[in-house]
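Please open the model in your viewer and keep the selection tool at hand.

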Amino acid sequence: MKNSLGRKVPNGYPLFEASNAFEKKKRVLISEVKTKNKDKLVNSYAEVFEKLEIKDGMTLSFHHHLRNGDQVLNACMEEVKRRDLKNLTIAASAIFPNNEILVELIKNKNVTNIYTNYLNGPVAEAISHGELEGMLIMQTHGGRARAIEAGELKIDVAFIATPAATKSGGGSGVDGKNPCGVLGYPIPDMLYAKKKVVVTDSLVDKLTITDIKHEYIDYVLKVDSIGDSKGIVSGTTQVTFDPIGLKIAKDATHLLYELGVIKDGFSMQTGAGGTSLAVASFVREKMIKEKIKGKMASGGITSYFVSMLEEGLIEEIRDVQCFDLEAIRSYKENEKHYLMSASKYANPYDNPVVNDLSFMILGATEIDLDFNVNVTTSSNGVIMGGSGGHSDAAYGAEIALVVAKTMNARIPIIKKAVTTITTPGSDIDCLVTERGIAINPKRKDLLEKLKNSKLKIVSIEELMEETYKFTREPKPLELKSKVVGLVEYRDGTIIDSLYQV
Amino acid sequence: MRRSLLFVPGDNPGMLQSAGVYNADAIIIDLEDSISLSNKDSARILVEEFLKDYKLNKEIIVRVNSFDSPYYKEDLETLVSDNIDTILLPKANLENTVKLDAILSKLESKKNLTKTIKIIPLIEQVSSLLEVEDIALLNRVDGILLGAEDLTTDMGVERTKKGYEIFYPRAKVALACINAGIEAIDTPFTDTRDFIGLEEDCHMAKGLGFKAKSAIHPNHIDIINKVYSPSKEEIVYAIQVLKMAKTSKGAFSINNKMIDKPVIERAKKTIENAKAFGLI
């Protein structure tokens with residue numbers, strides 16, 4: 001079967017229709033699950049597995065706030081391996097290269113299905129090569145929250161890595177020896193999973209801030225270490241010095257200003273990539289120069305937004321994930337720096353913060369002539385990312401602006417058709433490259449505003465042709481017919497399929 | 001008319017293909033100092049093929065190897081074509097600039113070129129600085145680039161960020177160019193991350209009469225263009241001067257300042273530059 005974008009979807013799965021199709025349905029909410037357990041403290045994964053009777057076929061969930069330093073998912077998988085449990089489903093909000101242990105478990109059929117929002121490294125490569133027996137479902141951050149609260153993604157046990165916790169199960173991401181900042185992603189798991197385990201390496205009597213509420217937590221597992229702090233917060237997220245990235249960022253800022261979205265009361269999200277941070281930096285300069293005061297910055301938070309908050313350039317930060325130590329400090333100290341859950345961030349049915357964005361800066365591995373964006377697979381079809389909040393913010397923001405170089409080495413970014421559709425082109429408004437700016441023809445209002453602009457506004461077709469002068473047209477990718485995964489749009493429909501390479 | 005000239009190494013395909021995306025007025029494709037001896041031939045071939053296939057829509061300047069190297073002849077033989085506009089001659093002096101003029105004449109005739117290739121002598125030796133007034137007046141020369149790194153080495157002095165040691169060389173090159181009616185082009189600012197220092201350096205040279213500056217990093221281009229372009233205020237003032245000059249006989253005043261012929265001429269030049277740089 002084919003969906004509305006012409007992408008093949010295996011029988012039995014709901015087909016993507018349109019990014020606003022969710023409006024035709026009502027929000028589905030299962031009941032929140034609170035605990036009656038009083039004696040929560042346990043000392044080993046084995047003990048938790050015993051007490052919760054974790055067995056074949058169950059679904060275990062994890063969050064990714066510890067990023068590439070996480071040891072909780074890995075330690076759980078060691079226990080799964082020791083017990084040789086089979087046919088498990090892993091629902092992790094993201095999977096990083098350091099979660100390589102999953103490869104062995106996938107090959108052994110211990111893990112046969114995976115839900116995640118972002119996936120790269122050895123696990124991604126193994127799945128792309130057809131090793132996963134069941135299905136990989138690539139969700140969005142908002143889509144995962146929606147699926148959990150609707151009971152579509154049923155979680156038997158949620159393991160919530162928590163930098164500091166009390167014996168009663170309250171948890172915080174800003175205290176303890178391995179702080180990671182706000183804990184926005186595991187909130188739906190905390191509310192709706194059948195059983196919840198806080199995993200911590202710092203038991204404390206009192207928390208500075210309580211993100212994880214004790215009444216939902218069944219067990220508190222004290223371990224020696226939940227992760228490697230170097231992999232959790234690098235502290236090195238920096239504005240790019242790459243001249244092409246800077247040119248793109250400058251042009252993107254000029255474009256946003258000309259479109260009239262950088263004005264008093266505006267809200268933004270930029271992500272933590274070098275070019276995105278450069279946009280944040282240029283927007284800050286513009287705000288100071290033009291005496292503009294913004295309302296909010298949201299999403300994954302870095303020191304750049306923290307500075308803007310402390311300088312009074314924005315009123316508040318809505319934070320789902322801290323990217324550096326400054327962001328953690330700010331969340332701890334500044335009452336205008338708020339936690340938002342994954343649901344409040346991006347769930348289409350939760351009046352999400354993405355709907356308040358004046359603009360969102362997005363990346364793209366590929367973008368096609370219909371402005372469809374791929375951030376899930378590389379140009380050779382191997383999984384190397386995922387939506388995260390891409391599709392959510394693209395839908396919600398007034399201006400969804402993609403920043404991308406026209407070519408990556410000799411690979412053109414603009415293609416006639418992307419390998420995988422992550423975000424539908426109907427939600428992408430502008431593409432800013434070093435060789436020009438393309439506006440989605442559907443946004444006639446934007447084109448009208450730019451008709452006297454000195455910016456180089458061209459069609460996406462022209463940008464592609466200009467790039468092909470250097471790269472030539474790439475040969476069509478030949479993928480195997482076996483579907484190894486599905487890209488699930490935020491409303492639960494399937495926007496594309498992932499094929500074995 | 002130039003404000004900014006960006007150096008790009010001739011052996012780097014990635015940098016060549018992106019050279020045109022910045023706001024530099026001219027691209028200097030380098031075959032000399034940034035190219036190792038083992039890459040001299042491959043860089044030459046790459047640049048030749050690149051220029052055949054791609055148009056950067058900028059002035060294309062090629063810095064060939066110097067006349068005391070074994071490479072310059074082949075550089076010129078291979079690359080002088082309608083695909084380039086100008087040769088940047090390193091270690092230029094009166095004698096070798098005259099020689100280059102003759103070589104270019106022969107090559108233009110031999111290859112039936114449709115254009116005249118210009119020369120920018122690179123002044124980076126004390127001896128050539130002392131003859132710069134004559135070099136500036138030579139046939140084909142339409143700009144002079146000051147090369148401060150080699151020049152200060154030749155002078156036996158330390159090269160500093162403040163640039164006091166090149167104050168006199170800058171002034172001498174600037175006056176020679178003004179006298180000849182050509183552009184004085186300033187030496188690059190070598191600290192790629194010091195944008196405040198870059199801007200100060202631009203203002204210093206502009207104040208001495210330089211019209212443009214070369215850059216070794218694309219991130220310098222916008223600042224150079226800003227300093228060497230007329231500002232908004234200058235353009236508004238020039239328009240006001242020219243408007244009043246049309247209706248006034250003899251000298252007049254604006255904001256209690258007397259406006260006479262030199263001010264009107266400067267206003268005309270400001271408007272001419274603003275138009276050339278697409279500012280009005």
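In which loop of chain A is the place of Lys109(A)? The model under study is a predicted one. Select Lys109(A): the residue sits in the loop that runs between helix H3 (101-107) and strand S4 (111-116) of chain A.

**Stop 1: two backbone angles**

Remain at Lys109(A) and examine the backbone. Its phi is near 65 degrees, a positive value in a residue other than glycine. Most residues other than glycine have a negative phi. Lys109(A) has a relative accessibility of 33%, and therefore counts as partly exposed.

Next, select Arg140(B), in the loop between helix H6 (132-136) and strand S6 (143-146) of chain B. Arg140(B) is not a glycine either, yet its phi is positive, at about 75 degrees. Is Arg140(B) buried or exposed? Arg140(B) counts as buried, because its relative accessibility is 12% and the cut-off for buried is under 20%.

**Stop 2: the two domains of chain A**

Colour residues 41-232 of chain A as domain 1 and residues 235-475 as domain 2. The C-alpha centres of these two domains of chain A lie 29 Å apart. Now display the residues at their boundary: 35 residues of domain 1 of chain A are in contact with 30 residues of domain 2 of chain A.

The size of an interface is often given as the accessible area lost when the parts come together. Between domain 1 and domain 2 of chain A, about 2400 Å² is buried, and carbon and sulfur atoms account for 66% of it. On the side of domain 1, select His141(A), Val182(A) and Tyr185(A); these residues lose the most area to domain 2 of chain A, together 21% of what that side buries.

Then show the side chains of Asp175(A) and Lys332(A), which form a salt bridge with an N to O distance of 3.9 Å. The interface of the two domains of chain A has 1 salt bridge and 14 residue pairs in polar contact. Several elements supply two or more residues to the domain 1 side, among them helix H4 (122-128) and helix H5 (141-149) of chain A. H5(A) gives the most to that side, with 6 residues.

**Stop 3: where chain A meets chain B**

Show both chains and select the residues that join them. Chain A brings 14 residues to the contact and chain B brings 16 residues. The area buried between chain A and chain B is about 1300 Å², with 55% from carbon and sulfur atoms. Which residues of chain A lose the most area to chain B? They are Phe241(A), Pro243(A) and Phe470(A), which together give 47% of what the chain A side buries.

Select Lys250(A) and Asp222(B) to view a salt bridge in which the closest N and O atoms are 2.8 Å apart. Between chain A and chain B the count is 1 salt bridge, and 6 residue pairs are in polar contact. Highlight helix H8 (243-258) and helix H15 (460-471) of chain A, each of which supplies at least two residues to the side that touches chain B. H8(A) gives the most to that side, with 5 residues. To finish, colour the chain A side by class: 7 residues are nonpolar, 7 are charged and none is polar.

Methods. Residues numbered from 1 in each chain as written. Chains lettered and ligands numbered in written order. Predicted model: local features only at pLDDT ≥ 70, side-chain atom pairs only at ≥ 80, totals over all residues. Heavy atoms only, no water. Contact = heavy atoms within 4.5 Å. Buried area = accessible area lost by both parts, 1.4 Å probe. Salt bridge = Lys/Arg side-chain N within 4 Å of Asp/Glu carboxyl O. Polar contact = N/O pair within 3.5 Å; in protein donor to acceptor, adjacent residues only side chain to side chain. Helix = DSSP H or I, 4+ residues; strand = E, 2+ residues; numbered from the N terminus. Nonpolar A, V, L, I, M, F, W, Y, C, P; charged D, E, K, R; others polar. Domains from an automatic or database assignment. Buried < 20%, exposed > 50% of the residue type's maximum accessible area, 1.4 Å probe, protein only.
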